[in-house]
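Welcome! Let us take a short walk through this structure, starting with its strands and moving on to its helices.

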Amino acid sequence: MPICYSWTLLLCLLFSQLANASMLSRDWCEYETPFFSVYTDLKVQDALFTAEKLLSFHHATSMFFAPDTLEGTSLSIVLFRYPREFSREFNLSKFVGVMQPSFQKHLLLLAAGEKGKEYMHVPFHEYAHYIIRSRLKRPVARWLEEGLAQYLSTLQIEAPGIANIGEINRRRLLVSFLETKHQDWREILDVNILKTPANDLQSQYDVSWGLVHYLVHGSPGGVQKDSLLKISDLLERVNRGEDAFQAYLKIAMIDEDELESALYGYLTEDQELLRFRFDTHDELVLERGCLDRIDKHLLLASSVTEFNAKRSEDILTRLNRFHPNNHRVLAVLSDVTRRKTDLSRKYAAKAYEINPDVAETNVALASALIRVCVEVQDTTCNQLLSQAKRLYSRALELEPKRVDAAFGLGILYLNEGKAADALDYLLVSHQHAPWSARVNGHLGETYRQLGQFAKAAEYLKIAVHWETDELRREGMLEVLALVEKHEREE
């Protein structure tokens, strides 16, 4: 706070307010490409620079990510001007980038870094997560996804159509490698993230980075122009259902017993960068103007809600005071307050009353009614769930690609014991979100009810691996045990 003297008090107070202006007081503008949209409060030249680099990254990586993008997926990038604002809004102290997958729209949530060689490190890392999640029909192992994201984040655009990749923090990776040396590879790579301290996870991710780097730069054949195709080969094998580590060993042409000494020797030596050309395209980053007050607040509140629900609710509650009859604000408020069941239902009901002819309000009210049923567990549940089913069906009529409505219908049919009806809706959900633990878990239960135990086990194993809620994970493990017992008895 600057020191204010009486004769300039008014001007000084005004200056203080401007100096401490929050992200909500600045303009947030949209920049569009054919593959993603960027929403940011950065200055125009900085926003364009970042979006253009991400567009080049998209094209540079497409050459070794052979699987096609899943139909219906889209991406929004929310880019904060200041890391300290990002940390405060998201209530995160150690991260300045998050990839948040979704049925409808994936989000990359980022903070701009200092200009320099590593300016695009975090954006490239998080965009790599999006590419991996959106181009594969089944999720890859965590170690492989993190290793690939870390490796791809080192990509540098030298000129249009020319890039290099493979810069490595050799000292850091060696320290992590030595901390895990002599452990079984499965013990290093397949850690339970729910029960593993952050420092141990860092070692795992560093070793994973080293493994990916060795695959491309160090395995037999050396660094060649087609070395990056090894990444494509690995992902295609995983996409077909092969174990990620076994597929890795085959492509690297090395035995598991030899890998430790080979990787250690590799990390003690200097490594050369891989320089390559990629196809350039004529797409431009288009300025779409700045968001109005409602869209800006909805964007920012929706971005932070999974990490800081209180902050999100505060933003939307104030917005609702000024716009009490905006169905979009009320629908998002219903989702943000979902842990306050009665309040969430109140917001959703009002949103639906104002505009029942949009998918958003139908989904909001259906979801709120299901949460009420789960909480009360009484005779009103049948009526609530029947109403929710009608609302989800109406949402799909209004917006056929509303995947969250299809997922909701699938769960409701499954709850009624109508597994055959549930299957179609859940398969639609899985097509758009093969990475989702919940989708895989419900699909596993569906196939169990249908007596298809091999398929049930396949989906349940994926769900158990990716589930981050310990209670849900324990429930999935119990179902998986029943399925495996039936498999043995057949």
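## A sheet and its helices

Strand 4 and strand 5 (residues 106-111) pair in the antiparallel sense, joined by four bridges. Here helices (H or I, at least four residues) and strands (E, at least two) are DSSP runs, numbered from the N terminus, and two strands pair if DSSP finds at least two bridges between them. This is a predicted model, in which local features need pLDDT of at least 70 and side-chain atom pairs count only at pLDDT 80 or more, while totals for chains, interfaces and linings use all residues. Residues are numbered from 1 along each chain as its sequence is written, and side-chain values use heavy atoms, leaving out hydrogens and water.

Back to our pair: strand 4 and strand 5 form a hairpin with five residues between them. Within it, Val 98 stands opposite Leu 109 of strand 5. In general, side chains of a regular strand alternate between the two faces of the sheet. Strand 4 (residues 97-100) is covered on both faces: Gly 97 and Met 99 are buried on one side, Val 98 and Gln 100 on the other. Buried means under 20% relative accessible area, with a 1.4 Å probe and protein chains only.

Where does this hairpin belong? An open sheet of six strands, with mixed pairing, runs in the order 4-5-3-2-1-9. Its edge strands are strand 4 and strand 9 (286-290), each pairing on one side only. On average, neighbouring strands of this sheet are turned by 15° against each other, direction ignored. Strand 1 (residues 29-32) and strand 2 (residues 37-40) are also antiparallel, over four bridges, and Glu 32 has Ser 37 in strand 2 as its bridge partner.

Angles run from 0 to 180 degrees between N-to-C directions, and axes are lines fitted to C-alpha atoms, for helices over the stretch in contact.

| Helix | Strands touched | Angle |
|---|---|---|
| Helix 3 (residues 83-90) | strand 3 (75-80), strand 4, strand 5 | about 130° with strand 5 |
| Helix 12 (residues 293-304) | strand 2, strand 3, strand 4, strand 5 | about 95° with strand 3 |

Finally, how do helix 4 and helix 5 meet? The axes of helix 4 (residues 121-135) and helix 5 (residues 142-152) come within 8 Å and cross at roughly 135°. The contact includes Phe 124 and Ile 132 of helix 4, and Leu 148 and Leu 152 of helix 5.

Note on methods. Contact = heavy atoms within 4.5 Å. Buried < 20%, exposed > 50% of the residue type's maximum accessible area, 1.4 Å probe, protein only.
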